[in-house]
Amino acid sequence: MNGKSLNILQDNLDKLREIFPDIFSEGKIDIEKFKAAFTDDINFNNERYVLNWAGKADAFKTLQTPTIATLKPIPEESIDFDITQNVFIEGENLEVLKVLQKSYYGKVKCIIIDPPYNTGNDSFVYPDNFKETKAEYEKRVGDKNEDGLLMKDGQFRKNSKDSGHFHSNWLSMMYPRLFLAKNLLKDDGVIFVHIDDNEVHNLRLLMNEVFGEENFISQIIWQRAYAPVNMNRHFSPNHDYIICYSKNIASYNLVKLPRTDKQNNDYQNPDNDPRGKWKAGNPSVGPAVEKNIYPITMPSGRVVTPPKGRSWLYSEKRYLELVADNRIYYGKDGNSIWAPKLFLSEVSSGVTPLTLWTYQEVGHSQDATKELKKLFDDNSYFDYPKPVKLIKRLVHLGTKKNVDLVLDFFAGSATTAQAVLELNKEDNGNRKFILVQLPELCDENSDAFKEGYRTIADISKERIRRVIHKLENEQKENKDKRASELSFDNEPGHTNDFGFKVFKAAPSNFKIWRGDEISEDNILTQLEAFSDPLKGESKTENILFELLLKAGYSLTENIIKKQGYYVVKDSELIMALEKINQSTVENIISEHPKKVIVLDQLFAGNDQLKTNTVLQMRDAGIDFKTI
Ligand SMILES: C[S@@+](CC[C@H](N)C(=O)[O-])C[C@H]1O[C@@H](n2cnc3c(N)ncnc32)[C@H](O)[C@@H]1O
């Protein structure tokens, strides 16, 4: 009894669903299925095997709409901004993925994401609507409060199970993001997506659609807990999944897991074989192959044949060759059944990963919470992080240690950054990361908020800083220790990249890319204003990075500031954004760049200089653009 009058329609629907659950989809009657159940008019339109949901077409359209966003550098929140190759981007990931398309197309080796699982309690951005004005843009990347921070009641909101579009909303959120993510992957790249029972069935179909069923690699089961929750009515789930797809299965080579000490300890050398340690293999295989069934005489004189239903591992000819090469063992007394000697030096240096990952190997959820609390002086600021060990294993499997770029665009507490930094330190690697995290407001009652962390992104950035300080301290301690022991680094010359550069998503600095500012009422004044394409308050560094991205350069390009201009990527590109005069033009030309971009407004009132510059650049064979 809730005191409300009975909702007759809902009551009828509930009764109908009890008898005919199959004619419902997301809580509503599916008319085609209804007709099929009660008439012989069975006519499913477009009958084929396909994943469909309410809003799929709109979700697809969002892909094609260009973004009006850019990325603003925030050096004061970064470590080693000018030299690091690691990037943290604060922003809404669909927007950010679009901004990154040109510069990072086909450059990412490994994507690891842990999106909202759609439990009925989590929040995310849906639906995505890009036909928007500036005000709408700000609303979608989150209603802003007076400090310009995200509020929870914008399009970033809870997707509850009562929603008539519960699964559709989640699919509409994931579809464009996965699609854009795939563009960023290298041909031999790989993506890992964390998920649980709520959406695993839909995610597999969605990934089949975006990546192609043939690129499916594995559905890993991670044991995230070990004790049952006895309050649960039915089962107490203690595992999640990690779905893995390659961009192109023909190009993808899985890195193997390192052999553990335990695995290596199985190898001994009881007969002092000069080829080193070996272990005994199984001499027989099944099912039986007739030609490999023959009697073998042990040195003791005992004659053996393969067990019933099996045959020997080798043909008789091969067996005799191996005997001659001392590759067969008969036990200390020469009477044990023969065994092939499998030498450690000849087995593959890695182990093929299994699909079931236990908490003993990669940690469980409580481990993850504990390790995050430890970093934050025993404070709990973020719910349900993933264990660093688990993400390290994914990074190991998905990358080669020297060059590869890892992307996580649902960064949460930034576990992926910690995993990359730690793994690099352990194996002298040079992997880089890009993390993207929404400035989702922390709950006002949370400990994080009370300690001054306004957003989840603030927690992520602070985690990265703390991890870097921890690793630097450990490295210093190790060096001091090694110096006192008069020994040297394992790999001389290797330096760890213990930095990260922070960017924030923001509207473009240029009016020309902001069509939203033109309306029928203001078109004349706007066109006049567009003679200066820049928005008044734009900082030079912000313009620099926006132009870099638009010109297809990465956020970590080598940039040198000179008198009046910036030299990018060993003089491939030069940008003049502050002033221009004849001597700047000459200096720029003397750097022999391939491309030069100059802000058009710098030539204001000096048409002659502009004309001369165009001619001089043309004579020098430089691709010259003004903007
Ligand atoms: C499940 S958590 C990831 C946890 C992470 N693996 C860890 O170990 O801490 C998902 C994160 O994605 C963020 N998120 C959700 N929607 C987003 C969006 N549209 N853009 C960027 N981040 C988003 C949420 O704020 C949340 O922190």
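To start with, how far is a nitrogen atom of the ligand from an N or O atom in the side chain of D114?

A: Happy to take you there. This is a predicted model, so local features need pLDDT of at least 70 and side-chain atom pairs count only at pLDDT 80 or more, while totals for chains, interfaces and linings use all residues. Residues are numbered from 1 along each chain as its sequence is written, and side-chain values use heavy atoms, with hydrogens and water left out.

The distance you ask about is 2.8 Å, which falls under the polar contact definition (a pair of N or O atoms within 3.5 Å; within protein, one must be able to donate a hydrogen and the other to accept it, and residues adjacent in sequence count only if both atoms are side-chain atoms). An N or O atom in the side chain of T415 is 2.5 Å from an oxygen atom of the ligand. E440 also places a polar side-chain atom 2.5 Å from a ligand oxygen. On its own the ligand has 610 Å² of accessible area, and the protein covers 92% of that (Shrake-Rupley method, 1.4 Å probe; for residues, only the protein chains shown count as cover).

Stepping back to the whole shell, 20 residues surround the ligand (each with a heavy atom within 4 Å of it). The closest are E92, D114, S413, T415 and E440. By type, the shell holds nine nonpolar, six polar and five charged residues (nonpolar: Ala, Val, Leu, Ile, Met, Phe, Trp, Tyr, Cys and Pro; charged: Asp, Glu, Lys and Arg; polar: the others, Gly among them).
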